[in-house]
Amino acid sequence: MDWIDLGLVALRVVVVFVLLQVVTILLIWFERKVVADMQNRVGPERAGPWGILQTVADGLKLFFKEQVTPRKVELGLYLAAPMLAAVPAFLMFMVVPFGRPVRINLGGQERLIPIQGADLNIGLLYVLAMSSVAVYAVVLAGWSSGSKYPLLGGVRATAQAISYEAAMGLSLVPVVLFTGTLSLSEIVAAQSGSLTFFDRALSLPAWNVFVLAPSFLIFFIAAVAETNRAPFDLVEAEQEIVGGFHTEYSGLRFALFFLAEYINIFTMSALAVTLFLGGWSGPTWDGTLPLLVSAILPTVWFMLKVVLFLFMYVWLRATLPRLRYDQLMTLGWKRLIPASLVWLFFIGGAMAVRQFGLPWG
Amino acid sequence: MVELVIFVLMGAVTLAGAIGVVRARNPVYGAMGLMATLFALAVFYVVHLAHFVAVVQVIVYAGAVITLFLFVIMFVGVDRAEDLKEKLAVQRPVALIVLVGVVVLAGVLVVTGRFDWVISSGEPPVVRGTIEEIGENLISIGSPSDRQASRWLLPFEATSLLLIVAAVGAIALAFYRPRRKDEPPAGPDTGPGS
C-alpha cells in the first residue's frame, strides 16, 4: 500500500460519488420524460435540449430555498435523518463492479485496477447491511418531524422494510449457492461464457437469470418495495398521508431524501444486473477494436442493462395502482417468502445432487 | 498508527453511544446510542480484518434488532414519561461494586502487561479461510492434544450462557413490582388496568 494505491482508492471513491450524482440528474429527467410519453404529455422541455437540464434547475432551486424547521420537531434526529438517507445510498453502490478491471502501468509497476469502489469479499452481505441501515432515515424522519402524517409514513416504512428485506435476502441465497461466492466481482466472473445444459453449450450467455429466474423475480419485486417505489409507495402516498416521512422537510434537506431515493433505484437496478444479468460482461472484440474502446465497452454494456431496469421501474410507476396495506403484507409474507423458501430448497437439493450425485445412484 | 487512531476515535463513539443508551430520557435516542455503539464495534471488527463478523453485526443488530426496537417504541408511544425511580434497593450498590471490580481488573491487566494498546507489532494478522474453517475453529472440539482447535469453545459457550441470563433477567425485571403492604400478592397479569 503506497501512495499510488491510496490515490487510486481515493480516485475510485470520487468517481463513484460523481457517477451517482450525474446518474441521479439524468434518471429524474428520464423518469419524467418516459412518464410524460406514457401519459401523452410533453414533459420537461425548456431547460436545455429535450429538457435534459431540468433536474439541474430544480436542484439549484431547492438549494436556494428556505429550510423550514417546524416547531415540534426533535431537532437532533430531524437534522440527522436526511444525512442518514444519503450516506448509505452512496455507500451501497461502492461494491458494485461497473466495468472490466483494467491493467495500467503506473509508477513502474503493472497494476490491475477494478472498476468499482471496493472489491469486498463479502460484498453481497455489505449491500444487505447498507440497505437495512437506509431504513433508519425514513423511520427517524417520520418520528422526529412531530407530525402525524410523517409518523404514519415512518411506521409503514418500518413494517414494509422488515417484510421485504426477508424476501430479498432469501432470494439472494440461491445466487450465493450457485456461484459459491459473496464477492460481487466474482459473481460477475462466474457468469462469463455461455450457458451449459448437461455439458452442452447453448447459445445463451451464462447469466444467472436463465438458471435462477424465480430468484430474479422475487429479488426484483422486493427491490421495488425496498426503494418505496410504486406500486409499493405507501410510505409516501400523497393521497393518504401527504408526503409521508418527508412532509415536514423542505429545501436542501428534502433534496437529500430525493437524491437518496433515486440513487437507491439506480443501485438496485445495478445489483439486479450484477447478480442476474452478468454485470458488465458482453462482447468487447478485444484486438479488433482500439484498446480504449475495448476497455470502455463493458461499462457501456453495464449501463445499457441498467437502463433496461430503470425503464421497468418507471413503467411500473406509470401503469400500476398502489397496493392496499393488507395486499402489501400478503404479498410479502404469504407469497414471496414461502416462494423463495421453496425455491431455495429446490436449488439446495439440485446443488447437492450436482456435488454428491443422486442418493440412490 | 492508523489502528491506534481508529481505536481512539471509535472507542470514543462506543463509549458515547453506550452512555447515551442509559442516559437518554427519550427511548428513541437510547436506541440510536445503541446503534452508534454497535456500529463502532463493527468498525473494530473491520480493523481486525473480520469483515464477515462486522457485516453480520450490522445486518443483525442495526438492521433487524434496533429496527424492531424503534417499531415498538413508536407503537407504544414515546411521550409517556419513563419512571426513573429505582425500584430495586440493591441495584445501585451492586452496580458500584461491579464497576470497581471491572476497573481494578482492567488496571491489573494493564499493569501486569498482558494487554497491549496496539496488538500488531508489524504486519497485521491476516485471517484466511472459508466460513467452514472459521466455524470449525470456533466450536470444534478437536483432539485433546490439539489445543488450537478448541480454543474458542469455552468463550463461545459462555457468551450464549450470558445471553440467556440477560434475557431471563430482563423478563424478571419487566414483571417485577415491589409489593405494598396493603396490597394482595400480585399475579403476573396484574397490569395497571386490571
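**Exercises on rings and helices**

In this predicted model, the charged end of A:Lys148 sits over the ring of A:Tyr149, 5.6 Å from its centre (NZ of Lys or CZ of Arg within 6 Å of the ring centre and within 35 degrees of the ring normal). Local features need pLDDT of at least 70, and side-chain atom pairs count only at pLDDT 80 or more.

**Exercise 1.** Work out which kind of pair the rings of A:Phe216 and A:Phe309 form.

*Solution.*
1. Start with the rule: ring centres of Phe, Tyr or Trp (its six-membered ring) must lie within 6.5 Å, and planes under 30 degrees apart are stacked, over 60 edge-to-face, the rest tilted.
2. The whole structure holds 18 aromatic pairs over all chains.
3. For A:Phe216 and A:Phe309, the centres are 5.8 Å apart and the planes stand at 75 degrees, so this pair is edge-to-face.
4. A:Phe216 belongs to helix α8 (residues 213-226) of chain A and A:Phe309 to helix α11 (residues 291-319) of chain A, so the pair ties together parts 93 residues apart in sequence.
5. Both A:Phe216 and A:Phe309 are buried (under 20% relative accessible area, 1.4 Å probe, protein chains only).

**Exercise 2.** Describe how α1(A) and α3(A) are arranged.

*Solution.*
1. Helix α1 (residues 3-38) of chain A packs against helix α3 (residues 75-93) of chain A at about 115 degrees, with axes 10 Å apart.
2. α1(A) and α3(A) are therefore roughly perpendicular (65 to 115 degrees).
3. The contact (heavy atoms within 4.5 Å) includes A:Phe17 of α1(A) and A:Phe90 of α3(A).

Conventions. Residues numbered from 1 in each chain as written. Chains lettered and ligands numbered in written order. Heavy atoms only, no water. Helix = DSSP H or I, 4+ residues; strand = E, 2+ residues; numbered from the N terminus. Buried < 20%, exposed > 50% of the residue type's maximum accessible area, 1.4 Å probe, protein only. Axes fitted to C-alpha atoms, helices over the stretch in contact; angles between N-to-C directions. Parallel < 35°, antiparallel > 145°, perpendicular 65-115°, else oblique.
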